[in-house]
Amino acid sequence: MIARVSLEIALRKEFDYAIPPELADRVDVGSRVQVPFGPRKVLGVVTAVAEESAQARLKPILKIIGAQTLVTARVLKLARWMADYYCCAPEIALKSILPEAVRKEAASWRERLFVTALPVQDDFPKLPKRQLEVWNIVEERREISLSELVELAETTAATVRKLEDRGLVRVAPQITERDPYANEQILPSQPLVLNAAQAKALAAVTTAMDAKQGDRALKSGTFLLHGVTGSGKTEVYLQAIATALAQGKGAIVLVPEISLTPQTVERFKSRFSHGSNHTLVAVLHSHLSAGERHDEWHKIRQGRARIVIGARSAIFAPVEPLGLIVVDEEHEHTYKQEEAPRYNARDVAIMRGQMEGAAVVLGSATPSLESYHNCQRGKFTLLELPERVDNQKMPYVRVVDMRQAARGGKGPPTFSPQLKEAITQRLEKGEQTILFLNRRGYSTALECTQCGFVATCPNCSLSLTYHRPEQKLRCHVCNHIEPVPAACPKCKNPQIRYSGLGTQKVEDTLNKLFPQARVQRMDSDLLKRKEDYRRILGDFRTGKIDILVGTQMIAKGLHFPNVTLVGIIYADMALHQPDFRAGERTFQLLTQVAGRAGRGEVEGEVFVQAFTPFHPAIQYARRHDFIGFYEQEIEFRKQLNYPPFSRVALLTLRGHNEDKVKFSAEHVRKELDKLSTENNPEPLSLALSPSAGERVAEGRVRGAFKDLNIAGPAPAPLLRAENYYRYQLMLRTTQMSKLSLALAELVNRLELPEGVTLTVDIDPTGLS
Ligand SMILES: [Zn+2]
Ligand SMILES: [Zn+2]
């Protein structure tokens, strides 16, 4: 027997190895193995097992990692689709589906030595005092870890071993599981009574889950649950998961990393994971230690954990059989991975749901245009929760024209008179305020008033941000740090102006305006550890903070009943970026931040400060009108043939030498132009196309693309980043699966000059 192995090095090729007789009954598709490769030993995954190979004289597999096959056949299939669609080497895709803690040979269960009392024979020996004390503890506890016993009895391991020699105890290694939530007190929760809209949504999802694979109902197995903030989406998820469990299936719940707070996890654990079922919910996120991640993952693989909550990569969790996938806040850009494989976990979820016959629920208060459009054309089923569960009103939103506030003064103020007045009122009433600005630091540019010099990063085409607490200038792209100059480095003028606004300056201004207020800033400069995040939120909840100032970190999922005012300092900041999604992003962000106000008894109020107050993204957000925003935005996308009317592939060339990069980009353009012509030489086999819901038959397709639009090369919006020059080409087509394969083929044969690299990003979420 031979095994075909995909190695952990990106060669876009698989290799055959002989299966030695002693491993014959343990090697299977999905096994992780160690094999010889040249002089090295390399890890890989078995992708097929066969009788014989075309190759002669095969080297043998050296060993198997793990007791079980680590990659299930279904997840293997998903990885293969991902490699095809996202145009990356299959080895890279395969690698990304297993957490590093599982892939590595060294990682394993933690074993500790345990001391167990053995049945006492007739004549109990007379023991020295020390040994007797130790024995008494062991007898009482029946079983205790050696380290705990040594500590408790104030003794040494040697003394314990003496008891072992006398046949009174056994000392042996046992597995102890690392449970990141071991110290949390989880109180069971009961299903809540659903309102009519929630009940209708749940019924639609469970009907699809009842359908057997291949049933017609499954074709519409993807749902978009559009519900305003506070409309009770999570309760629908929880009850749908209960249905999956009742059917003997499991569920995966994806949550953006930033929303994966202890409170979120607790809601799922309280419903399903307590008492004898405490392993039922597994959590996968980046804050786990390698050991914890290993244990959580294996609990899933062994079927002891049936519900997985996690960020992006949890979509590859080996839940089997899978009944339901939930993607909460499906519009979030953090579902997209920014390095190879550049997948979007939401789209992978839809594909996995189709492959495994699982229902997929995408939830959002501000759905992506792509998902809502898919509902409009019947590919997804739209489910709506139009009201807040507690019948609270949506907060009242006022837009403040900052052009007026800026008139007459020296530049725009941080706070308009209206917002200042509103904050004063809250402080008087003892209510809380959240202020939002999506920019860290103190000021975003340091400018000479005489010669116009601006301090820029030596590695990036970007101005440096002034950080006041440490008196440093920092680059937010490459993290370059330099001291603040005392005078202009060019003309020696000591008058240097700080312009542009960051959270530190907002905090500073607040302290001056409201010296009596307790102000706390919350952004990634301040929060180095997750305890800080918990502590600040705890202080805010218990009323020890009056005003919380922060970046997008405070935009999501936080419920504070005493917050009656939300201020958005600079709403149109993201609007001026060169990205066709700028309007959509602004609308989503404003809606989310506004949703933080009025989650308690008192109605909330939101002040949106803007320099372009009549921009549609701001006006529709003010009226809480998603449909209105969708209709005008979709028209704009249609006219310019942007997604969802086409799909985008972004090709970026980068290197230290700008001329070489530019020249290479022009060469790539010529190669791409050939794809548009009739004589496209390479036969293509089509893969599945995601979120479109249709299966395209595998086949040999020859010829040109119907609708390939190529733009560029052009310098990237940020031409230079971390000392690399970047040029981009943007491709648009409706036949993305076909284009991905053509691009993979192109990448393989393309010869780029030394020092220039090309990356392909399918369905990019941003241009940068
Ligand atoms: Zn100067
Ligand atoms: Zn930089």
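This is a predicted model: local features need pLDDT of at least 70, side-chain atom pairs count only at pLDDT 80 or more; totals for chains, interfaces and linings use all residues.

Student: Which residues coordinate the zinc ion (ligand 1)?

Tutor: To read a metal site, list the donor atoms and their distances. Here the SG atoms of C448, C451, C488 and C491 coordinate the zinc ion (ligand 1), at 2.3 to 2.4 Å.

Student: What arrangement do the four donor atoms around this zinc ion (ligand 1) make?

Tutor: The arrangement is tetrahedral, because the angles subtended by the four donor atoms are 106 to 113°. The cut-off behind that word is that all angles lie between 85 and 135 degrees.

Student: What spacing do the donors of the zinc ion (ligand 1) follow along the chain?

Tutor: Their spacing is C-x2-C-x36-C-x2-C. C451 sits in the loop between β18 (445-448) and β19 (465-467), and C488 in the loop between β21 (481-483) and β22 (496-499), so this pair ties together parts 37 residues apart in sequence.

Student: Now the helices. What describes two packed helices?

Tutor: Two values do: the angle between their axes and the distance between the axes. For helix α4 (residues 129-141) and helix α6 (residues 157-165), the angle is about 80° and the axes are 10 Å apart. α4 and α6 are therefore roughly perpendicular to each other.

Student: Which residues make the contact of α4 and α6?

Tutor: α4 contributes Q131, V134 and W135, while α6 contributes T159, V160, K162 and L163. By class, four residues of this contact are nonpolar, two polar and one charged.

Student: At what angle do α8 and α9 pack?

Tutor: Helix α8 (residues 233-246) packs against helix α9 (residues 262-272) at about 40°, and their axes are 11 Å apart. That angle makes α8 oblique to α9.

Student: Is the crossing of α8 and α9 left-handed or right-handed?

Tutor: α8 passes α9 in a right-handed crossing. On the α8 side the contact is made by T234, E235, L238, Q239, I241, A242 and L245, and on the α9 side by R267, F268, R271 and F272. This contact has six nonpolar, two polar and three charged residues.

Notes
Residues are numbered from 1 along each chain as its sequence is written. Chains are lettered from A and ligands numbered from 1 in the order in which they are written. Side-chain values use heavy atoms; hydrogens and water are left out. Axes are lines fitted to C-alpha atoms, for helices over the stretch in contact, and angles run from 0 to 180 degrees between N-to-C directions. Helices (H or I, at least four residues) and strands (E, at least two) are DSSP runs, numbered from the N terminus. Angles under 35 degrees count as roughly parallel, over 145 as roughly antiparallel, 65 to 115 as roughly perpendicular and the rest as oblique. A crossing is left-handed if the near helix is turned anticlockwise from the far one by less than a right angle, and right-handed if clockwise. Contact means heavy atoms within 4.5 Å. Ala, Val, Leu, Ile, Met, Phe, Trp, Tyr, Cys and Pro count as nonpolar, Asp, Glu, Lys and Arg as charged, and the others, Gly among them, as polar. Donors are N, O and S atoms within 2.8 Å of the metal (3.2 Å for Na, K and Ca); water is not among the atoms, so sites may look incomplete. Four donors count as tetrahedral if all angles lie between 85 and 135 degrees; four count as square planar and six as octahedral if opposite donors are over 155 degrees apart and all others between 65 and 115; anything else is irregular.
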